Amino acid sequence: MSSNTPIKLTNPARDANIKIDDVTHFLLELDALKRVNRRSYVTGTTRLENSAEHSWHLAMACWSIAELFELDVNHEKLLKMALVHDLGEIDAGDTFLYADTRRDAHFEEREGIARLQRERGNGIADLSEIWEEQETGNSKEADLLRVVDRLLPFLLNLNTEGKTWIELGVTRSQVAGAHGFIKDSFPPIHDWLSQNIEYATQQGWLVDK
């Protein structure tokens with residue numbers, strides 16, 4: 001049976017100064033991530049995935065993989081990094097993995113994170129710090145996040161018969177190159193990716209060059 005014990009505010013003096021209008025303002029700022037479309041299609045549909053959906057999928061996938069492989073990672077840190085991973089895209093938009101502008105995308109995203117950090121109603125004091133670690137850090141959590149962040153769009157492409165790859169003329173060498181680092185970071189996932197790059201090429205979903 002569930003308890004009806006109310007939430008107890010631990011610092012009434014401080015809490016009295018927090019305006020719920022500010023809280024909801026920040027929540028709506030975060031909601032804007034739902035309006036940022038990515039390039040991958042949601043399986044079983046004809047629509048593109050948005051960045052908020054990707055962030056949720058990334059967090060769940062990281063959590064599951066970390067548990068399944070019994071990885072020595074800080075789960076709270078991992079999940080926080082997954083949730084903030086794409087927040088910079090609210091201002092910067094999504095940059096396709098194989099776009100020429102990909103290497104510069106983090107500059108505008110970093111500015112977007114700094115803006116969110118300053119927004120009224122933001123209760124996450126270390127938002128920028130967490131984002132920066134997932135972006136440039138070398139922790140075990142950041143490494144796993146990068147692996148899974150590559151895995152998920154590949155998985156969606158594979159299960160939509162290469163729809164995005166075909167539309168944008170993505171090549172086998174582009175995909176292999178973008179996922180090459182996973183060979184050292186997570187060999188079982190890299191082996192699976194390599195096998196399915198071959199399969200996708202045979203199916204004509206990836207340009208064979």
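Student: How many aromatic pairs does the count come to?
Tutor: The count comes to five, where rings of Phe, Tyr and Trp (its six-membered ring) pair if their centres lie within 6.5 Å; planes under 30 degrees apart are stacked, over 60 edge-to-face, and the rest tilted. This is a predicted model, in which local features need pLDDT of at least 70 and side-chain atom pairs count only at pLDDT 80 or more, while totals for chains, interfaces and linings use all residues. Residues are numbered from 1 along each chain as its sequence is written, and side-chain values use heavy atoms, leaving out hydrogens and water.

Student: What kind of pair do phenylalanine 69 and phenylalanine 186 make?
Tutor: Their ring planes are at 85 degrees, so the pair is edge-to-face, with the centres 5.0 Å apart.

Student: And where do those two sit in the chain?
Tutor: They are 117 residues apart, so to speak of linking, the pair joins distant parts of the chain. Phenylalanine 69 is in the loop between helix 3 and helix 4, and phenylalanine 186 is in the loop between helix 11 (182-185) and helix 12 (187-202). Helices (H or I, at least four residues) and strands (E, at least two) are DSSP runs, numbered from the N terminus.

Student: Is phenylalanine 186 buried or exposed?
Tutor: Phenylalanine 186 is buried, at 8% relative accessibility, whereas phenylalanine 69 is partly exposed at 41%. Buried means under 20% relative accessible area, exposed over 50%, and partly exposed in between (1.4 Å probe, protein chains only).

Student: Which residues form one aromatic cluster?
Tutor: Phe154, Trp165 and Trp192 do. Phe154 is also touched by asparagine 196, which has Leu158 as a contact too, not counting residues up to four places away in sequence. Contact here is heavy atoms within 4.5 Å. Asparagine 196 lies in helix 12 and is buried, with a relative accessible area of 14%.

Student: Switching to charges, what lies over the face of tyrosine 41?
Tutor: Lysine 163 does, at 4.7 Å from the ring centre. The rule asks for NZ of Lys or CZ of Arg within 6 Å of the ring centre and within 35 degrees of the ring normal.

Student: Okay, arginine 38: buried or exposed?
Tutor: Arginine 38 is buried, at 11% relative accessibility. Arginine 38 belongs to strand 1 (residues 37-41), and its contacts beyond four places in sequence include Glu49, His54, Asp86 and Asp94.

Student: How far is histidine 54 from aspartate 72?
Tutor: They are 24 Å apart in space, C-alpha to C-alpha, and 18 residues apart in sequence. Aspartate 72 is in the loop between helix 3 and helix 4 (75-84) and is exposed, at 60% relative accessibility.

Student: Which way does the phi of glutamate 70 go, positive or negative?
Tutor: Positive, about 50 degrees, although glutamate 70 is not a glycine. Most residues other than glycine have a negative phi. Glutamate 70 is found in the loop between helix 3 and helix 4 and is exposed at 72% relative accessibility.

Student: What about the phi of glutamate 161?
Tutor: The phi of glutamate 161 is positive as well, at about 55 degrees. Glutamate 161 is in the loop between helix 8 (140-158) and helix 9 (163-168), and counts as exposed at 55% relative accessibility.
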